[in-house]
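Here is a brief report on one protein chain. It goes from the whole chain down to a single residue.

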Amino acid sequence: MYRYLSIRSGPKYSKSVAAMDVDAFLGGRPELKRKAALSYENNTEFPWLQVLAVFGDENGNYAMDVTRQPNTVNQIELICSIDGSDAAVHAYYTLAQKIAAKFEWEVFDSEFEGGI
């Protein structure tokens with residue numbers, strides 16, 4: 001099972017930022033290592049995690065296409081293990097809040113259906 005932490009500008013995903021800015025910021029995070037453009041996974045010392053930066057519709061729906069990347073991003077998805085320890089959950093929240101603060105967005109936790 002997974003826990004999804006969505007980082008977004010608001011409930012309608014109305015604001016976006018340049019994909020290259022998101023990619024540069026995520027690429028500089030020590031918790032993450034790059035898999036592909038706008039796609040990251042946990043670094044060795046960090047709990048299991050997948051991170052996707054995407055452009056979705058007003059409901060947060062999106063599709064990934066590895067042959068094309070969006071010019072802008074309006075959400076960043078952290079896909080986390082739900083079986084993590086309290087320390088792992090804290091690490092996920094801390095990372096999500098750092099990313100959200102950078103872009104002045106909010107974090108939405110699917111587990112609790114609310115912001116953190």
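## Surface and charge

The accessible surface of the protein chain is about 6600 Å². Carbon and sulfur atoms account for 50% of that area. The model is predicted, and these values are computed from it.

The chain carries 11 positive and 16 negative charges. Their mean positions lie 5 Å apart.

## Fold and dimensions

Two helices and nine strands make up the secondary structure count of the protein chain. Their order along the sequence is β-β-α-β-β-β-β-β-α-β-β. The radius of gyration is 13 Å, close to the 13 Å from the globule rule for 116 residues, so the chain is as compact as a globular protein of that length.

The C-alpha trace spans about 35 × 30 × 25 Å along its principal axes.

## Burial and contacts

Of the 116 residues in the protein chain, 46% are buried. Take the contacts between residues at least 6 apart in sequence: 62% of them join residues at least 24 apart.

## A closer look at Arg8

Where does Arg8 sit in the secondary structure? Arg8 belongs to strand β1, which covers residues 2–8.

Is Arg8 buried or exposed? Its relative accessible area is 10%. The cut-off for buried is under 20%, so Arg8 counts as buried.

Which residues does Arg8 touch, leaving aside neighbours within four places in sequence? Its contacts are Tyr13, Asn74, Trp105, Glu106 and Phe108.

How values were computed:
Residues are numbered from 1 along each chain as its sequence is written. This is a predicted model: local features need pLDDT of at least 70, side-chain atom pairs count only at pLDDT 80 or more; totals for chains, interfaces and linings use all residues. Side-chain values use heavy atoms; hydrogens and water are left out. Helices (H or I, at least four residues) and strands (E, at least two) are DSSP runs, numbered from the N terminus. Buried means under 20% relative accessible area, exposed over 50%, partly exposed in between (1.4 Å probe, protein chains only). Contact means heavy atoms within 4.5 Å. The radius of gyration is taken over C-alpha atoms; the globule rule is 2.2 Å times the number of residues to the power 0.38. Accessible areas come from the Shrake-Rupley method with a 1.4 Å probe; for residues, only the protein chains shown count as cover. Lys and Arg count as positive and Asp and Glu as negative; His and the chain ends are not counted. The place of a charge is taken as NZ of Lys, CZ of Arg, CG of Asp or CD of Glu.
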